[in-house]
Structures are given as C-alpha cells and as structure tokens.
Amino acid sequence: MTEDAAPTDLELVPVMEGVAVIEAALATMPFAPGVYRMLDAKGDALYVGKARSLKKRVVAYTQIARLPERLRRMVHATRRMEIITTGSEAEALLLEANLIKKLRPRFNIVLRDDKSYPWLVLTEDHEFPQITKHRGDRRKGASYWGPFASAWAVNQTITALEKVFLLRSCRDTVFESRDRPCLLHQIKRCSAPCVERISREDYAGLVKDAKKFLSGETPSIQKRLAREMEEASMAMEFERAAAIRDRIRGLTHIQGQNSINLEGVGDADVVALHQIAGQSCVQVFFFRGGRNNGNRSFFPTHLKDDAAAEEVLSAFLTQLYDDLPPPPLVLLSHDLPDAGLIAEALTLKAGRKVELHRPQRGEKRSAIDHAATNAREALERRLAEGTAQAALLEGVARLFDLSETPRRIEIYDNSHIQGSHAYGVMVVAGPEGFLKNAYRKYAIQGAVAPRIPASVAAEVPGGLAATRRAGGGDRIASGGGDDFAMMREVFERRFGRALKEDPERQGEGWPDLVLIDGGAGQLSAAQEVMAELGLGDLPLVAVAKGPDRDAGREWFHRTGAAPFQLPPRDPVLYYLQRLRDEAHRFAITTHRAGRSKAITRSELDEVPGVGSAIKRRLLHHFGSARGVRQAGLEDLRNCPGIGPSMASRIHGHFHPGAAGANLGKG
C-alpha cells in the first residue's frame, strides 16, 4: 500500500485484533458440538452461537472478506471468546437459547418477553381443592394447567370452571373462617363446601369432572350431565334438573367462545410470523386440552433489516420454549431448514416426542392463516404507534433543546407517608414505549438533606426559617420525610453505580433526558448530585403540578431557564403527563407493597428457624407476638407443635442470658 492510499475496512487494526482473538481461541478449540460466545472489551456478550463442530464453525469468522458488514462489526468488537462443549448439537441449541435470553447479545435475534405466563392451578393438599391462577415456580400439592397467554384468558377459564363445576376459588384462610355461604354461592358459581352445602365425595366428583374438562374430555362430561338431568327430571327433582341444565349450557357456551378451534388436537401451539419494513411479529396461539388458551404477540429484535423469516422463526422457537414446556405439536407458518434439529432439541427438553409441522390444508391451515392475520395486524398497529411515538419524541427534543431525538427518557418519583416506608423509583421510556424491564426501585436508606440555595429554600413553607445551617450551606430539615434528600439519594445510587460500571459512558443505559416529578427543590437536589458526579451535561427537567394539582397546568423547570407551561391541548404535554403519571403509579405501587410487607412482618420473623407454620401455631396459641415474647420456657414447650429444642431457641432469642433453670414465666 502506498503512503497516500487510504486504508480499507479490512486493513483497520481493530478488525485484525478481533480476528487475532478468534485465531488464538481456535488453537485450543475442539471439534465437539457446543456453544461459543463473543465478548467485547467490557465482557458483555456480542453474540452467542451453537455449532455441531465448534472449530469448523468459528473458523469462518477469521475469513473477514467473506463476512457481511454486520458480522465485520461484530468481529471488530470481539476481545475474548468463551466456549461450552455439549453432548450433542440439540443440547447446544437448548443452551444457546438459554444464554441468548439471559445475556441478550447485540448481534443475536432476541425474544424480548419479560412477562411470566399464568397457569391455572388445582390445589390437591386440601380436602376441598381450590381453583386459582398462578405465576412463578411450581410447588408440590397442586395440579397445573396451561400455559395461558394472559391473565384475562386464565380468569375466563376460572369463571367457566366456577359456573360449570362450582369449584371454590377463595383462599384457605377465607374458606376456614366462613360461617355462611358467600356471594359466589348465591349467584351459582360455588357449591359452598365451606359451610358443608356439598359433601366431600360429591365435591371430589366435581374436581374429577373439571380435570376431565381441562384435559379435553368435554363431550363425555356433557353426555353424563344430560343423562343425570333426565334422571332428575323423571324423579321429579326439578331444582336439581335445572341446576344440571345450567351447567350443560355453561359447557356449550365455553365451546362456542373460541375464535378458532382445532378438532382432534389436544395440546398444540400455532406459531405464525409476519414481517414488514425490517420488523417481525410472531403470533402464538396456545391450545391445551383442545381449548384455546389465548394468544400473545411477540416482537423479536434483530439488527438485520433483511433477516429471513425462517431465521427469525427458528431463533424465536428455541427461546420461547426455554422457559415453557413445549406441547407435542407445534404448527408453523414457514418451513424451517433446521426443523429436525429444533424438534430434536424440544423432544430432549420435553422428555417426549415434539413434532414441528407446516400444514397445507384443512383446519390446521386455517388456524395458521388466522394467526398470521393477527401477526400482521399487530405489527401494523405497532408500526403506527411507533410513528406517533417518534413524532412525540421529536416534539420533546424541540421543547427541551436536545441535540437529537431521545432514545431513553428516565422519570423519577418518590413515595412515602411522613418519611416512613420511603421509596424512590425510576421509570424508563423510549421509542417503543415504556421499558418495564428497565424500571428500578430504591428503598430510601436515610439520606442527608441536600444543600440548596437560598432562592430555593425561600420557596419552602416558612422560608429560610424552615432551613437549618449545616456544613456552610442551607439544608431543608429532614424530619417527616425530605423529598429533596430522597431525590439526592436516588440519584447518587443510580448514577454513581452507572459511572462505576461504565465510566466512559459508552453503554446504552445512559438517559438522553431525565424528568423529575417535582419542582425547583427537587431539580436543585438532582443538579447538585449530577455536578458532583461530573454529569452536569445530562439534561434535567422537573415537572411540577399546577395550581390545585390540576393536570394540564404543569410547570416545567430547567437549569438556567425560567419555568414555563404548555398549551393545555398540546400533544407533547399529554405525553409528558403520561410519563409523569406512570412514574407516580409505579412509586405508589412500590410504596404500598413495601408497607404491606412491613405490616405483615413481626418480631417472630427474626427468630432463627421459625417459619410460617411455626409462627402460625405460636400466634394461635399465644394470641400475639407480644404474648410469645413474654411466654416462659415451659409455656413455649406446652404449645402444640413446638418441641423442646424450638422452645429453647425461641425463649433464648427473647431472653438472652436467661438461666436455663428458670422455667417459669419470663
């Protein structure tokens, strides 16, 4: 190359450094199947891939001239490689999906789905089982049915089970405290086992029928109920016949509710993909026991605008079933080149055969077409909302003189009652709406009130008389809950940690705009923290409620500018109100949850080895935590279910140093 010749992309040193890293890793890389990870300078995952032969697959990244621009950028950023070998390519595929969902690498197709799936639960550790919904880990002593696409779908099924099978949905504590039937019994949605309106044997029969219904055996239940209704009518038991008739009507209504049905198919998922303008939407319908358990839209993210539908769908399937048990049949809208491998991996995960199939005709094809239509409509709505969102963000940029349209807006608020159970929260919004997986809550740990200028202190009720001198500056007294001190603590924790993790501010977690629910005082507290951290260039805006706290008359406070208001019907004002209201909602919800948790805790929770069952026995026996604290060792030993060892432990916790011979009351 001559001295005046411009270097090409392939001759740039950083790219060669990336290639050199990969070549060094290849020297010891096996030919076994497994998963490889490409990491950047900070150790974050750039890409996670699987291979039948690691060495044969990874060597392709060293041939930089044959790679597309997207992969060249990935190699450019690679500074380290890690591998995990597996027993087979199918195992590697499952591990790859798990790592992608966990690490969310920039160059992978990622399924961003932070919602857990609701399940329907029939408790089995009670003589009168309860029907309810559940999210999270499974526990023993219960049967689980699902998954359902949404809480609405599972609630509909619970309502149906109440109407048709009269199963109870109340908690055990409510069940045990009833002395007369509740409203659900009055409206014929519960058999009232709590007050013995039904025998244990008859209730067990209802539970058995409900399980058959959930397993898809509805026709046999309808035939038996029709026979029982006829027998009751012949025996002149007209009330019983009418009750059975209502149950049959309920079953018929349930069967007619589904928008699509799959005759002869018990458990299956219908998966269809649609693409527009470089974006993808996958629609999934969940069928269990022949019932439609609802549908959900997914929007996988991918850097390639021209990502093939088959590539997106393959990556989606493995990540979808990373935390869901796959059904025996998955109906697809596209033929996948690696369908055999995916089916093998899902079979390995499920412990039984899983089939992937693209139907060509009949009801299954109609179900795919219906799902594809839903995917198209959902993606069109998302694109339309995105266009409107982009216009609003451009309006925000103009309003606050930002250099470019904000990609990340952070909104902060506090919630407390006279300083107790105080929490600060952060809500995040961007071009795709609210980013709920980025929300954060901060339990206030007792921050010192911030130093504020006299001009701000003058706005506090009582003026400068309400402030106290400390350390050479005016500070608001923190008694009773100091919003300024809380805001300062939240900002110190949020941005102090961000600087520690990303001192160069190169990551994607930095806001383009920070909104604070408050006025000049909160803004001053935030400005002081940002100046101390060297982040004075981040735009800060405080949104203060208008006179009488009226929405639409908010004041906006900025550094070095006079407060201003927007016209009441300005779309940007509505948008900023939504941001502020979401932060307020999240703050109130967080505060209430923290307060409820504190209320339900007692000093018994601090005794080592005392769980919920022992705590319940103690409270039932002694009446209160105070009664337990004042009880003598012998009294504790006489409590049902409390052994000598546990009694000594409880007594020792409340009476440290007490003589072991003192067995009377403390």
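Contact here means that heavy atoms lie within 4.5 Å of one another.

1. **What you are looking at.** This is a predicted model, in which local features need pLDDT of at least 70, side-chain atom pairs count only at pLDDT 80 or more, and totals for chains, interfaces and linings use all residues. Residues are numbered from 1 along each chain as its sequence is written, and side-chain values use heavy atoms, with hydrogens and water left out.

2. **The chain as a whole.** The protein chain holds 21 helices and 22 strands; helices (H or I, at least four residues) and strands (E, at least two) are DSSP runs, numbered from the N terminus. Of its 666 residues, 45% are buried. Buried means under 20% relative accessible area, exposed means over 50%, and partly exposed covers what is in between (1.4 Å probe, protein chains only). Among contacts with a separation of 6 or more, 62% join residues 24 or more positions apart.

3. **S143 and its partners.** S143 is buried, with a relative accessible area of 14%. Leaving aside neighbours within four places in sequence, S143 is in contact with L120, V121, L122, E124 and K211.

4. E124 counts as partly exposed, at 43% relative accessibility. Not counting residues up to four places away in sequence, E124 touches G141, A142, S143 and K211. The C-alpha atoms of E124 and K140 are 8.7 Å apart in space, although the two are 16 residues apart in sequence.

5. **A cis peptide bond.** Do look at G146 and P147, which are joined by a cis peptide bond with omega of about 5 degrees. P147 is found in the loop between strand 6 and helix 5 (151-165).

6. **Two positive phi values.** L166 has a phi near 55 degrees, a positive value in a residue other than glycine. L166 lies in the loop between helix 5 and helix 6 (172-177) and is partly exposed, with a relative accessible area of 22%. D401 has a positive phi of about 55 degrees too, although it is not a glycine. D401 sits in the loop between helix 13 (362-399) and strand 12 (409-417), and is exposed, with a relative accessible area of 59%.

7. **Helix 13.** The 38 residues of helix 13 should span 56 Å at 1.5 Å a residue, and its end C-alpha atoms are 56 Å apart, which agrees. The expected span of a helix is 1.5 Å times one less than its number of residues. Buried residues in helix 13 include A367, I368, A371, A375 and A378.

8. **Helix 15 against helix 16.** Two packed helices are described by the angle between their axes and the distance between the axes. The axes of helix 15 (residues 483-501) and helix 16 (residues 520-533) come within 9 Å and cross at roughly 30 degrees. Axes are lines fitted to C-alpha atoms, for helices over the stretch in contact, and angles run from 0 to 180 degrees between N-to-C directions. Helix 15 is therefore roughly parallel to helix 16; angles under 35 degrees count as roughly parallel, over 145 as roughly antiparallel, 65 to 115 as roughly perpendicular and the rest as oblique. Residues making the contact include F484, M487 and F491 of helix 15 and A525, V529 and L533 of helix 16. The residues of this contact divide into 10 nonpolar, three polar and five charged (Ala, Val, Leu, Ile, Met, Phe, Trp, Tyr, Cys and Pro count as nonpolar, Asp, Glu, Lys and Arg as charged, and the others, Gly among them, as polar). In helix 15, the buried residues include F484, M487, F491 and F495.

9. **Helix 4 against helix 12.** How do the axes of helix 4 and helix 12 cross? The axes of helix 4 (residues 89-103) and helix 12 (residues 339-350) come within 8 Å and cross at roughly 80 degrees, so the two helices are roughly perpendicular to each other. E89, A90, E91, L93 and L94 in helix 4 meet L341, I342, E344, A345, L348 and K349 in helix 12. This contact divides into seven nonpolar, no polar and four charged residues.
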